[in-house]
Amino acid sequence: MFDLDGTLVDSVPDLAAAIDQMLHGLGRPAAGIERVRDWVGNGARVLVRRALAGDIEHAAVGETETEQALELFNQAYAGSHQLSSVYPGVSATLKWLKKQGVELALITNKPERFVAPLLDEMKLGHYFRWIIGGDTLPQQKPDPAALLHVMRLAGVGAHEALFVGDSRNDVLAARSAGVPCVALSYGYNHGRPIAEEGPAAVLDDLRQLLPDGCFEADARLMSANPSAHPQPRDRTVVAPRKHWLGRANMKILKALARWRWRA
């Protein structure tokens, strides 16, 4: 199970552009990408409230003001996502897992209406069997409801699952669900190092999740589909891969790879 924003896709540039367009429509100064980066992670409504407050704390923002601003934000963000990009190693990792027979789920606090279009633009949608948006269920992360829901659909227990995210909400949701959580160091965690949240492991590159040599064993996995799905260009230096999975956790991965999933 994977988070989306800050884990698979760097979506902050488009989110910041939409927030600044919203603020402009309200006659307010722009927030800018660096401030928005610290506000992302709790869904669109909270992001909008933080932008209105100009701070991560937003209790003083009223509901009427929020609704008006949220409508403007949704209109601004509903277009294409040309400023967003897939993080290095993501496409190759998802492709390898899919080839091993590991069924994948996406669990995000982003409103459902925005998830499928973004995944399609990033050429990632076909990897996931289950997609849970921020308004698919009544609860959002850090509530574990979405993780528990996906595990019920997959027919697996917490010891047969893994959650990969980048924020405190992801770690807390996985912990509450009894699922180990691996966190990415490059994501969005309100300006705090993700290691402070106590995940099972912190990775600098998603490919570090996989066994050593898996890509060398099948070089075709490193190349994009030659037809109509070019992969986004990696924008940052890739850290050397390391295999964080111990023997016990590799049993989980191998069991998932052998499992024939039932809806």
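This briefing walks through a few spots in the structure above, from model confidence to rings and a helix. Please keep in mind that the model is predicted. The mean pLDDT of the chain is 86, and 81% of the residues reach 70 or more.

**Where to read with care**

- Over residues 217-248, pLDDT stays under 50. The model still has 59 contacts beyond four places in sequence for this stretch.
- Residues 255-263 also have a pLDDT that stays under 50, with 22 contacts beyond four places in sequence.

**Arg-49, an arginine in a helix**

- You can find Arg-49 in helix H3, which covers residues 44-53.
- Arg-49 counts as buried because its relative accessibility is 9%, and the cut-off for buried is under 20%.
- Leaving out residues up to four places away in sequence, Arg-49 touches His-58, Ala-59, Val-61, Gly-62, Glu-63 and Thr-66.

**Aromatic rings that meet**

- A pair of aromatic rings is described by the distance of the centres and the angle of the planes.
- The count of aromatic pairs comes to four.
- One of them joins Tyr-77 and Phe-114. Their centres are 5.0 Å apart, with 80° between the planes, and the pair is edge-to-face.
- Tyr-77 lies in helix H4 (residues 63-77) and Phe-114 in helix H6 (residues 112-121), so this pair ties together parts that are 37 residues apart in sequence.
- Tyr-77 and Phe-114 are both buried.
- Another pair is formed by Tyr-87 and Tyr-186, with ring centres 4.2 Å apart. Their planes are at 35°, so this pair is tilted.
- The Tyr-87 and Tyr-186 pair links distant parts of the chain, 99 residues apart. Tyr-87 sits in the loop between strand S2 (85-86) and helix H5 (90-99), while Tyr-186 sits in the loop between strand S6 (181-184) and strand S7 (201-203).
- Are these two tyrosines, Tyr-87 and Tyr-186, buried or partly exposed? Tyr-87 is buried, with a relative accessible area of 10%, whereas Tyr-186 is partly exposed, at 22%.
- Ring pairs also link Phe-73, Tyr-77 and Phe-114 into a cluster.

**Helix H8 and what covers it**

- Helix H8 spans residues 168-177, and its buried residues include Asn-169, Asp-170, Val-171, Ala-173, Ala-174 and Ala-177.
- Which elements cover the buried residues of H8? Among them are helix H7 (145-154), strand S5 (163-165) and S6.
- An α-helix has 3.6 residues a turn, so residues three or four places apart point the same way.
- Gly-178 follows H8, and its phi is positive, near 75°.

Methods. Residues numbered from 1 in each chain as written. Predicted model: local features only at pLDDT ≥ 70, side-chain atom pairs only at ≥ 80, totals over all residues. Heavy atoms only, no water. pLDDT = per-residue confidence, 0-100. Contact = heavy atoms within 4.5 Å. Helix = DSSP H or I, 4+ residues; strand = E, 2+ residues; numbered from the N terminus. Buried < 20%, exposed > 50% of the residue type's maximum accessible area, 1.4 Å probe, protein only. Phe/Tyr/Trp six-rings, centres within 6.5 Å; stacked < 30°, edge-to-face > 60°.
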